[in-house]
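Please consult the sequence and the model while reading.

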Amino acid sequence: MNQVNKIKFMLLEDYKSKGIILAWPSIYENKIYWLDLLRVYYEIITNCLVLNKNIVLIIQKDRNIHDDLRLIGEDISNIIKDKREFFQLYEIDYNDIWMRDYSPLTLIDISNSKLYYNMTSFNGYGNKYACDKDKVFSFKFIKKYQDENNRNQKEYFEIFDNLVIEPGNIIFDKNLVIINKTPLLLHNDLNWKKINNILKNGIKDFLGARYEVINVEPINGDDTSGHIDNLIRLENTHYLYYMATNDTKHPDYKLLMNLKDQIMRRNFKNKKIIPLYHDHQDIVRDSENNILPFSYLNYIRIGNLIIMPINKNTSLYKKNEIKKIFQYADVIFIEISCLLHERGGLHCCSMNI
């Protein structure tokens with residue numbers, strides 16, 4: 001890392017990205033919500049391609065996505081043919097679809113806009129899940145990218161020194177990085193002093209950015225130990241959005257009031273701070289009445305496009321309010337209850353490129 005300190009790097013902001021990586025959800029084909037997952041992925045892919053956003057679709061060996069989509073009466077052959085420059089299939093094995101957390105972060109050398117990658121460390125959210133294939137995904141993906149582009153030089157760095165910091169727990173713009181402390185402590189066998197020193201070296205010293213750490217428990221149903229992308233999002237260096245509620249019936253009421261208090265006590269004077277309100281009607285439950293981790297903050301942003309998650313109870317009024325808040329972008333909505341059954345959302349299952 002020290003060899004490249006003279007180069008000025010920054011992390012690729014979502015609004016500057018041109019596409020996303022997705023992992024095809026075929027590992028869940030025996031689940032009762034398999035067909036609903038196919039519909040979600042069909043909507044993500046077709047909406048992106050129609051708007052000329054790139055899709056890199058990771059698939060398992062010998063998997064045929066067209067056969068899968070026939071199960072829901074859909075066919076994307078024509079749109080892939082028409083938009084073939086925006087669509088790629090990569091055959092790489094994986095344990096799970098949560099692409100955000102085991103994919104590499106994209107780094108940009110701002111002197112010449114050359115792309116590099118930050119290798120991410122992953123351990124299944126503190127060894128909760130099997131992740132042997134996901135652990136090596138970043139390296140395999142980068143190597144495949146390099147081989148296809150005939151690149152011999154090293155295109156990646158480890159700026160966090162093997163600290164497990166899933167990209168779902170790091171929200172950023174070019175000047176600021178925000179992280180939740182809770183997952184860092186639970187997913188690493190390190191004390192906070194050591195973790196904070198690694199963050200300082202990687203963010204302040206290497207990237208030249210400021211970083212802030214909040215300390216909030218996970219929302220109900222979230223088994224990532226509290227990833228930041230359910231709680232806070234940064235946009236265009238001007239806006240900070242946070243998950244909020246005024247509804248005392250919302251099961252995360254106290255948690256979200258604590259989040260608001262921590263945000264208001266920090267120095268974000270150069271940003272417009274905007275709450276995205278949730279109420280008890282936004283709560284989604286599984287068949288056993290367990291609360292699932294729904295948040296409007298877990299949206300996908302690609303260039304001028306925002307793909308906003310909604311639930312079955314999201315009203316037309318709330319959709320209109322969201323469109324007013326994000327009036328600088330094109331907003332489309334996708335109902336994602338099936339994804340929530342696997343404890344993740346739209347931002348979680350995608351990685352910007």
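Q: Is C131 buried or exposed in this predicted model?
A: The model is a predicted one. Burial requires a relative accessible area under 20%. The relative accessible area of C131 is 7%, so this residue counts as buried.

Q: How far from C131 is the nearest cysteine sulfur?
A: A disulfide would need two cysteine sulfur atoms within 2.5 Å. C131 takes part in no disulfide, and the nearest cysteine sulfur belongs to C348, at a distance of 16 Å.

Q: How many disulfides does the structure contain?
A: A disulfide is a covalent bond between the sulfur atoms of two cysteines. C48 is in no disulfide, since the sulfur of C349, the nearest from a cysteine, is 10 Å away and the cut-off is 2.5 Å. The count of disulfides is zero.

Q: Is C48 buried or exposed?
A: The limit for a buried residue is under 20% relative accessible area. C48 has 0% relative accessibility and therefore counts as buried.

Q: Which residues are in contact with I232, leaving aside neighbours within four places in sequence?
A: I232 is among the residues with the most contacts inside the largest nonpolar core. With its neighbours within four places in sequence left aside, I232 is in contact with I171, I178, I214, L240, Y241, Y242, L259, I263 and L297.

Q: Is I334 buried or exposed?
A: I334 belongs to strand β18 (residues 330-335). Residues up to four places away in sequence aside, I334 touches V40, E43, I44, I307, M308, P309 and I310. Its relative accessibility is 0%, so I334 counts as buried.

Q: What is the nearest side chain of opposite charge to D109, and how far away is it?
A: D109 lies in strand β5 (residues 105-109), and its side chain has a polar contact of 2.7 Å with that of S111. D109 is buried and has no salt bridge; the nearest side chain of opposite charge is K114, at 7.1 Å.

Q: Why are R39 and D36 separated by about one helical turn?
A: Side chains of opposite charge can pair when their charged atoms come close. R39 and D36 form a salt bridge, with their closest N and O atoms 3.1 Å apart. The separation is about one helical turn because both residues lie in helix α1, three residues apart.

Q: Which residue forms a salt bridge with D279?
A: D279 is in the loop between β13 (272-277) and β14 (284-285), and its partner is 39 residues apart from it, in helix α11 (residues 316-325). The closest N and O atoms are 3.2 Å apart, and the partner is K318.

Q: Is K324 buried or exposed?
A: K324 meets E321 in a salt bridge of 3.4 Å, N to O. E321, at 28% relative accessibility, counts as partly exposed. At 54% relative accessibility, K324 counts as exposed.

Q: How many salt bridges does a search of the whole structure find?
A: E29, R63 and D68 are linked in a network of salt bridges. The search of the whole structure finds a total of 17.

Notes. Residues are numbered from 1 along each chain as its sequence is written. This is a predicted model: local features need pLDDT of at least 70, side-chain atom pairs count only at pLDDT 80 or more; totals for chains, interfaces and linings use all residues. Side-chain values use heavy atoms; hydrogens and water are left out. A nonpolar core is a set of buried Ala, Val, Leu, Ile, Met, Phe, Trp, Tyr and Cys residues joined through side-chain atoms within 4.5 Å. Buried means under 20% relative accessible area, exposed over 50%, partly exposed in between (1.4 Å probe, protein chains only). Contact means heavy atoms within 4.5 Å. Helices (H or I, at least four residues) and strands (E, at least two) are DSSP runs, numbered from the N terminus. Lys and Arg count as positive and Asp and Glu as negative; His and the chain ends are not counted. A salt bridge is a side-chain nitrogen of Lys or Arg within 4 Å of a carboxyl oxygen of Asp or Glu. A polar contact is a pair of N or O atoms within 3.5 Å; within protein, one must be able to donate a hydrogen and the other to accept it, and residues adjacent in sequence count only if both atoms are side-chain atoms.
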